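Here's a quick briefing to read with the model open in your viewer. Have a look at the fold first, then go through the points by topic.

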Amino acid sequence: MPEMRFHIRWPDGTSEACYAPSLVIKEYLAVGQDYPVAEFVALSRLALGIASARVRARYGFPCGRAEAQLARIEETARRQAPGTVYVESFEV
């Protein structure tokens with residue numbers, strides 16, 4: 001299962017490299033797109049949940065790194081002012 005990083009910029013201007021255990025994130029987010037914070041969190045939750053389930057199907061346990069990444073996304077989103085999250089790039 002190929003891992004990847006998706007690079008984002010939060011509404012406050014900070015950039016972050018986020019981890020995903022599979023390429024499924026590309027089905028939910030697009031490079032060069034802005035997403036309202038709540039939508040970005042929802043799409044990340046969905047994609048990282050699917051990715052973690054794929055790890056569970058293959059190895060018998062969910063992906064702890066994907067779960068930790070989602071927790072970081074949710075926590076950072078709570079601290080953001082209203083705005084959009086910009087998807088800067090994907091890195092495989």
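This is a predicted model: local features need pLDDT of at least 70, side-chain atom pairs count only at pLDDT 80 or more; totals for chains, interfaces and linings use all residues.

Residues are numbered from 1 along each chain as its sequence is written, and side-chain values use heavy atoms, with hydrogens and water left out.

**Overall fold**

- The protein has two helices and four strands; helices (H or I, at least four residues) and strands (E, at least two) are DSSP runs, numbered from the N terminus.
- Going along the sequence, you get the pattern β-β-β-α-α-β.
- The radius of gyration is 13 Å, close to the 12 Å from the globule rule for 92 residues, so the protein is as compact as a globular protein of that length. That radius is taken over C-alpha atoms, and the rule is 2.2 Å times the number of residues to the power 0.38.
- Along the principal axes, the C-alpha atoms of the protein fill a box of roughly 40 × 25 × 15 Å.
- Of the 92 residues, 38% count as buried (buried means under 20% relative accessible area, exposed over 50%, partly exposed in between, with a 1.4 Å probe and protein chains only).
- The accessible surface of the protein is about 4,900 Å², and 53% of that belongs to carbon and sulfur atoms. Areas come from the Shrake-Rupley method with a 1.4 Å probe; for residues, only the protein chains shown count as cover.
- Take the contacts (heavy atoms within 4.5 Å) between residues at least 6 apart in sequence: 66% of them join residues at least 24 apart.

- The four strands form an open sheet in the order 2-1-4-3, with antiparallel pairing; two strands pair if DSSP finds at least two bridges between them.
- Strand 2 (15-20) and strand 3 (34-36) sit at the edges with a single partner strand each, so one side of each has no neighbour in the sheet.
- On average, neighbouring strands of this sheet are turned by 35° against each other, direction ignored. Axes here are lines fitted to C-alpha atoms, for helices over the stretch in contact, and angles run from 0 to 180 degrees between N-to-C directions.
- Strand 1 (residues 4-9) pairs with strand 2 in the antiparallel sense over six bridges. Looking across to strand 2, Met4 stands opposite Ala20, Arg5 opposite Tyr19, and Phe6 has Cys18 as its bridge partner.
- The hairpin of strand 1 and strand 2 has five residues between the strands, and Gly13 takes a positive phi near 95° there.
- Strand 1 also pairs with strand 4 in the antiparallel sense, over five bridges, and Ile8 stands opposite Val87 in strand 4.

**The helices**

- Helix 2 (residues 64-79) lies across strand 1 and strand 2, and runs at about 150° to strand 2.
- Helix 1 and helix 2 pack at an angle of about 170°, with their axes 9 Å apart. That makes helix 1 roughly antiparallel to helix 2 (under 35 degrees counts as roughly parallel, over 145 as roughly antiparallel, 65 to 115 as roughly perpendicular and the rest as oblique).
- Residues making that contact include Phe40, Val41 and Leu48 of helix 1 and Gln69, Leu70 and Ile73 of helix 2.

- Gln69, found in helix 2, is buried, with a relative accessible area of 1%. Not counting residues up to four places away in sequence, Gln69 touches Glu16, Ala17, Cys18, Tyr19 and Leu48.
- Leu23 lies in the loop between strand 2 and strand 3 and counts as partly exposed, at 32% relative accessibility.
- Leaving aside its neighbours within four places in sequence, Leu23 is in contact with Pro2, Met4 and Val92.
- Leu23 and Asp12 are eleven residues apart along the chain, and their C-alpha atoms are separated by 27 Å.
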